[in-house]
Amino acid sequence: MKRYCTMLILGGAVLLSLPSAQAAGDPARGKELHDAHCTSCHAKLMDGNPTAIFTRPNRIVRSLDGLNKRVRFCESMNGLNWKDQDIDDVVAYLNQAFYKFGGDNP
């Protein structure tokens, strides 16, 4: 019984250490990057309301993977030269603030 409990505890610790299906970035840092580099363009596209691009009924992004691809596309089109961590941070912010994709929608 003691061995079973030890294995159960170790197994739980391993599961907790695995990355979740959520975006693996820092949302606070992602907001800073987004506000500094993305908001002005989004405002131009959405008649002065930069967040409307995320909440419009016909939005392009439908999954966490799609969000990641879209952020990478925008980053590339604007020549930002972000690192993968920067992308992850912006994805985490946008997912937390607007999209709310969970583990069932990777």
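I start with a term: a residue is buried at under 20% relative accessible area, exposed at over 50%, and partly exposed in between, with a 1.4 Å probe and protein chains only. Helices here are DSSP runs (H or I, at least four residues), numbered from the N terminus.

The model is predicted: local features need pLDDT of at least 70, side-chain atom pairs count only at pLDDT 80 or more, and totals for chains, interfaces and linings use all residues. Residues are numbered from 1 along each chain as its sequence is written, and side-chain values use heavy atoms, without hydrogens and water.

**Entry: helix H2**

Which residues of H2 are buried? I found Gly30, Leu33 and His34. They sit on the same side of H2, because they cover an arc of only 100° around the axis. The arc is taken from the directions from the helix axis to the C-beta atoms. I noted the rule behind this: an α-helix has 3.6 residues a turn, so residues three or four places apart point the same way.

Next I turned to the face away from the buried side of H2. That face carries the exposed residues Ala28, Glu32 and Ala36. The buried residues of H2 pack against H3, H4 and H6; contact means heavy atoms within 4.5 Å.

I also checked the N-terminal end of H2. Asp26 caps it, with a side-chain oxygen 3.1 Å from the backbone nitrogen of Ala28.

**Entry: the largest pocket**

I looked up the largest pocket. A pocket is an open set of points on a 1 Å grid over the protein atoms alone, where a 1.4 Å probe fits, with protein on both sides within 12 Å along at least five of seven lines. Lining residues have an atom within 4 Å of a point.

The space in the largest pocket is about 420 Å³. Its lining has 24 residues, and His42, Ile53, Phe54, Arg70 and Cys74 lie nearest its centre. Helices H2 (27–37), H3 (39–45), H4 (52–55), H5 (64–77) and H6 (84–99) each give two or more residues to this lining. Which helix gives the largest share? H5 does, with seven residues. By type, I noted 17 nonpolar, four polar and three charged residues in the lining.

Gln96 lies in helix H6. Gln96 counts as exposed because its relative accessibility is 51%.

Asn81 lies in the loop between H5 and H6. Its phi is near 55°, a positive value in a residue other than glycine. Asn81 is exposed, at 69% relative accessible area.

Lys100 is in the segment after H6. Lys100 is not a glycine either, yet has a positive phi of about 60°. Lys100 is exposed too, at 59%.

Technical notes
Points joined across faces, edges and corners; volume = space filled by probe spheres on them. Nonpolar A, V, L, I, M, F, W, Y, C, P; charged D, E, K, R; others polar. Polar contact = N/O pair within 3.5 Å; in protein donor to acceptor, adjacent residues only side chain to side chain.
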